[in-house]
Protein chains: 2
Amino acid sequence: MRYLGKQEIEDIAVGAALLGTGGGGDPYIGKLMALQAIEECGPIQVLSVDEIPDDALVVPSGMMGAPTVMVEKAPSGDEAFKTFEILEKYLGKKIYATMPIEAGGINSMLPLALAARLGLPVVDVDGMGRAFPELQMVTFYLDGISATPMVIADEKGNTTLLNTIDNLWAERIARNATIQKGGSVMMAIYPMTGRNLKDSGIHDILQLEEEIGRSIRLAKQNNVDPIREVLALTNGFELFKGKVVDVNRKTETGFARGTAKIEGMLDYKGETLELRFQNEHLIAQTENRLVCVTPDLIAVLDAETGLPITTEGLRYGARCVVVGIPCHPKWRTEKGIETCGPKYFGYEVEYTPLEELVKKGVNA
Amino acid sequence: MRYLGKQEIEDIAVGAALLGTGGGGDPYIGKLMALQAIEECGPIQVLSVDEIPDDALVVPSGMMGAPTVMVEKAPSGDEAFKTFEILEKYLGKKIYATMPIEAGGINSMLPLALAARLGLPVVDVDGMGRAFPELQMVTFYLDGISATPMVIADEKGNTTLLNTIDNLWAERIARNATIQKGGSVMMAIYPMTGRNLKDSGIHDILQLEEEIGRSIRLAKQNNVDPIREVLALTNGFELFKGKVVDVNRKTETGFARGTAKIEGMLDYKGETLELRFQNEHLIAQTENRLVCVTPDLIAVLDAETGLPITTEGLRYGARCVVVGIPCHPKWRTEKGIETCGPKYFGYEVEYTPLEELVKKGVNA
């Protein structure tokens, strides 16, 4: 058990945005919301999965929708309370703790803010170890855990409790409701037991996020390269260095979709890297080679500071380093790749683990 | 307390379709579903509102969507069970009885079928005394009763429990979900107390429907005019007689919308009546005069048999009598007219009570 104060929140926000691979919402807004909550309600208790009773009810909290919309339409705070209230009433059981569903600037922070305000602990676990755009794209789904009963709430005060025959239907129905309600809503989803988390979650993810954030923050004063620090913490690889020369982004069917082109510099001069994203970066390729592909992580970092750049933060002229991080082994199973590999997103490439692509790239 | 057997079901189906003013679904399908249910589970107990304890939980059951879709997509039966199960779980209270929300070929019959299968009584009350296309168009809404928590269920097994800030939001969100789920769903809505029904319901509506149906059925053998019988039971007026010469109907935004033209015969020769409908007939007018307008009832009856014709049953060449019936006094209040008068539906005419229009018409 440990407590999160302001510095920890700042660091987690940065680390989560990095693992959010361009999606997961603006880390600045998320951070402000969590800081405000601990300012008013005190530090947040964090428990490791081992500290959670097997039969305890744990419910992830987060936002659903396009992060580009979230920037303009911040939640009031009451929505998250309501989703928990309704789920407790429906399940007839108190919620023991909350947790993030994914890593991301907003969705790692919202459960912290909620925990502070409700006086609940946060479990150091999530369902992705990164960010993904759809509800069924969690390790819980791979193990057959239902996304429903789930509750969504809009900022007007309307709530919807869904029970669906499977998690793909949950995604479909909730996504449609989200679009109708203005593009983003708060949700309480995947109500689980402590046992579920132990078996199917990505453990100690907040700790990793905090370490990433801290190492980026301390790099300057320690006179070390922040990106090298990140690679060491995540077993990651530098994939590309360059300057953003083209960004094509639109919000459609509830997602921020688009492409970005990065013109190579230094070792990468003469090459252009194309990133494609749907909330998150999903595929990185040059004219000649596949560089990294979902479910492995593609993070774009500021070349100077090492800070992560979200898809909505990508600006023409930005100098950046593209980093690849191997995804959690659960994502490299057959069902993992089926659920969020390149084919699911409509890219006609086979999934190849990052480490192999890096090896090929060096030889190419 | 009384019981409904097969003959009563047959008669109620006809009477309800007549009060359904063209909407409320196909009475033949509705009737078959209710008959099948009592065939398997025995007669249905009907209680008057006075027999219901003030604190008993009563929940109307029905279908939402375009009746033209309902004809092709009959519910499996399980959907209604599910809506009640979820609502009971959420409210933490057993449902004491069910009831129809409106008069109509389908929505008067479905609660009867459900009651038979669940062994619940049906209360002799509804919220319209006719049919209307939107969820807030019930007398309960006029008295400030919430439509939510409501549950909708599709035939696949997905369910949604809604809590909305008002009944207009309930209509909006549920309508959208209905369209997405294929155009029609089962719903449990307006959970109420016995007290609510006594204060705000349209009492003894099943009894009126049964009497209407019976009088039409018996007219031939008693050698009386079925339409005259209907007018006597409902304080109604014959408004027009003629032949359907044009029907324009499409299913859009979840409704069956359109117009029908009837060429006058006998006393009405030389005039053409235009009916406009959105699931239900909402306005009837000739070249020269307004004949009848919502919330008063406009029913189209077969000139020969007196049987009601629904909007989806309107066929070129059909000989029919158009009948007007004064709506319940609750609909003639300011809020009643605001909620379902002509302006709400986009017709730029003032509401004028049927009796006045009839008087004018005779003088014109």
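Leaving aside its neighbours within four places in sequence, with which residues is Leu18(A) in contact? Taking contact as heavy atoms within 4.5 Å, Leu18(A) touches Ile212(A), Ile216(A), Val230(A), Ala299(A), Leu301(A), Gly306(A), Pro308(A) and Ile325(A). This is a predicted model, in which local features need pLDDT of at least 70 and side-chain atom pairs count only at pLDDT 80 or more, while totals for chains, interfaces and linings use all residues. Residues are numbered from 1 along each chain as its sequence is written, chains are lettered from A and ligands numbered from 1 in the order in which they are written, and side-chain values use heavy atoms, with hydrogens and water left out.

**Nonpolar cores**

- A nonpolar core is a set of buried Ala, Val, Leu, Ile, Met, Phe, Trp, Tyr and Cys residues joined through side-chain atoms within 4.5 Å, where buried means under 20% relative accessible area, exposed over 50% and partly exposed in between (1.4 Å probe, protein chains only).
- The largest such core has 62 residues, and those with the most contacts inside it include Leu18(A), Phe140(A) and Tyr190(A).
- Because domain 1 (2-205) and domain 2 (222-363) of chain A both contribute residues, this core lies between them; the domain bounds come from an automatic or database domain assignment.
- A second, separate core of 61 residues includes Ile189(B), Ile212(B), Leu301(B) and Val323(B).

**Aromatic pairs**

- Rings of Phe, Tyr and Trp (its six-membered ring) pair if their centres lie within 6.5 Å, with planes under 30 degrees apart counted as stacked, over 60 as edge-to-face and the rest as tilted; the structure holds eight such pairs over all chains.
- Phe140(A) and Tyr190(A) form a tilted pair, 5.9 Å centre to centre with 50 degrees between the planes, and both Phe140(A) and Tyr190(A) are buried.
- Phe240(A) and Tyr268(A) are likewise tilted, at 5.0 Å centre to centre and 45 degrees between the planes; Phe240(A) is buried with a relative accessible area of 0%, and Tyr268(A) counts as buried at 12%.

**Relation of the chains**
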